[in-house]
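I opened my notebook and started looking things up, one spot at a time. Here is what I wrote down.

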Amino acid sequence: MSLITTPFGFSSTTDEVTRGVDLTGRRAVVTGASSGLGAETARALAAAGAEVTLAMRDVASGERAAKDITASTGRREVHVAHLDLSDPASVTAFTAAWRGPLHVLVNNAGVMACPERYTAQGWEWQFATNHLGHFALATGLHGALAAAGNARVVAVTSSGHQRSPIVWDDVHFAFRPYDPWLAYGQSKTANVLFAVEATRRWAADGITVNACMPGAIHTNLQRHTSGRGSGLVPDHLIKTVEQGAAASVLLAASPLLDGVGGRYFADCNESDVVDRRTGTLHGVARYAVDPDNAGRLWALSRELLAQAH
């Protein structure tokens, strides 16, 4: 299977990847869209003509972001809805309230390297927020995505997935000493595996799911790391928000990705599969695209969510 390549790359922006793209009549949901990559992704989709819903925990911040998007694009079909990805009841309420088809879902929200914390269900916070919440959201919206006929889901992941596979015997750090970066890596691996299995299960419904690594961008995601992420990325590899969100928008909107699913992208192009940590922002670990791992994670996620209800 050959790698997918596009005319875009490291420096491409959201406006460049949507040039000539018309999303009129299409509906999109972007999680975590109050600032940073999420806000820019929502802005770019709205500017291309989509009706966009900002799904987030802080509704007031979402309303401010929606006003900014309307002011910059002239688009008034920008909505805000409450969604707490760490709370299964909140995700269920969001999916139950959705009406009509959904053409684009961008699973953008996340936490990075946060202090040790657990949900009411005992789930490790990063795995719960970055993966389980988005898994519940996407599966809960499956009917709406299928109704669209040619829907796309984007799972925003990270090269940080190379820090850890899914540790099946101790996903929630019940026995291991908690390590914020290993927990983050595991959750980001889960994002990629979700794209692999969801595409396998849903392609017949016209739904494709891809994962993307946006690059290194200084946003609120780094609030637990002094605003510098891992601190290992040289300044010349730091992207602007417009450059970082370009991959998400490309996967969500570009006709270049019609029918493409189950892939991992960085700098707007599909990445090679690697068998060792690269020390760079490129490459997807083999364990993160392994179909057996993907199926196993899907089963585990369904089991955990069933127990929560």
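Predicted model: local features only at pLDDT ≥ 70, side-chain atom pairs only at ≥ 80, totals over all residues.

Before the first entry I need a cut-off: a residue is buried under 20% relative accessible area, exposed over 50%, and partly exposed in between.

**Entry: Asp205**

Is Asp205 buried, exposed or partly exposed? I looked up its relative accessible area and got 30%, so Asp205 is partly exposed. I found Asp205 in the loop between α7 and β6 (208–213). Next I asked which residues Asp205 is in contact with, leaving aside its neighbours within four places in sequence. My list came out as His142, Ala146 and Gly149. With His142 there is a polar contact too: the two side chains are joined at 2.8 Å. I also checked Asp205 against Val171, and they are 34 residues apart in sequence and 31 Å apart in space, going C-alpha to C-alpha.

**Entry: Asp170**

Then I went to another Asp, Asp170, which is in the loop between β5 (152–156) and α7 (180–202). Its relative accessible area is 7%, so I put Asp170 down as buried. Which residues does Asp170 touch, not counting those up to four places away in sequence? I noted Phe175 and Arg176.

I looked at its backbone and saw a positive phi of about 55 degrees, although Phe173 is not a glycine. At 4% relative accessibility, Phe173 counts as buried. The charged end of Arg176 sits over the ring of Phe173, 3.7 Å from the ring centre.

How many aromatic pairs does a search of the whole structure find? The search gave me eight. I looked at Phe135 and Trp298: their ring centres are 4.8 Å apart and their planes are at 80 degrees, so I wrote down edge-to-face. Phe135 lies in helix α5 (residues 125–140) and Trp298 in helix α10 (residues 291–308), so this pair ties together parts that are 163 residues apart in sequence. Both of these residues are buried. I then turned to Phe173 and Tyr178, whose ring centres are 5.3 Å apart with planes at 65 degrees, so this pair is edge-to-face. Tyr178 is buried, and so is Phe173. I also noted a cluster: ring pairs link Phe135, Phe194, Trp202 and Trp298. One more ring went on the page, that of Trp181, where the charged end of Arg163 sits over the ring, 4.5 Å from its centre.

**Entry: helix α3**

I moved on to α3, which covers residues 59–73 and has 15 residues. From its first C-alpha to its last, α3 reaches 21 Å, close to the 21 Å expected at 1.5 Å a residue. Which residues of α3 are buried? I listed Ser61, Gly62, Ala65, Ala66, Ile69 and Thr70. What covers them includes α2 (36–47), β2 (51–56) and β3 (78–82). At the N-terminal end I found a cap, Asp58, with a side-chain oxygen 3.2 Å from the backbone nitrogen of Ala60. After α3 comes Gly74, and its phi is positive, near 80 degrees.

**Entry: the sheet**

I zoomed in on β1 (residues 27–31) and β4 (residues 104–107), which run parallel and are joined by three bridges. For Val30 I looked up the bridge partner in β4, and it is Val106.

**Entry: Ala113**

My last stop was Ala113, in the loop between β4 and α5. Its phi is near 50 degrees, a positive value in a residue other than glycine. Is Ala113 buried or exposed? Its relative accessibility is 7%, so Ala113 counts as buried.

Key
Residues numbered from 1 in each chain as written. Heavy atoms only, no water. Helix = DSSP H or I, 4+ residues; strand = E, 2+ residues; numbered from the N terminus. Expected span 1.5 Å × (residues − 1). Buried < 20%, exposed > 50% of the residue type's maximum accessible area, 1.4 Å probe, protein only. Contact = heavy atoms within 4.5 Å. Polar contact = N/O pair within 3.5 Å; in protein donor to acceptor, adjacent residues only side chain to side chain. Phe/Tyr/Trp six-rings, centres within 6.5 Å; stacked < 30°, edge-to-face > 60°. Lys NZ or Arg CZ within 6 Å of the ring centre and 35° of its normal. Pairing = 2+ DSSP bridges.
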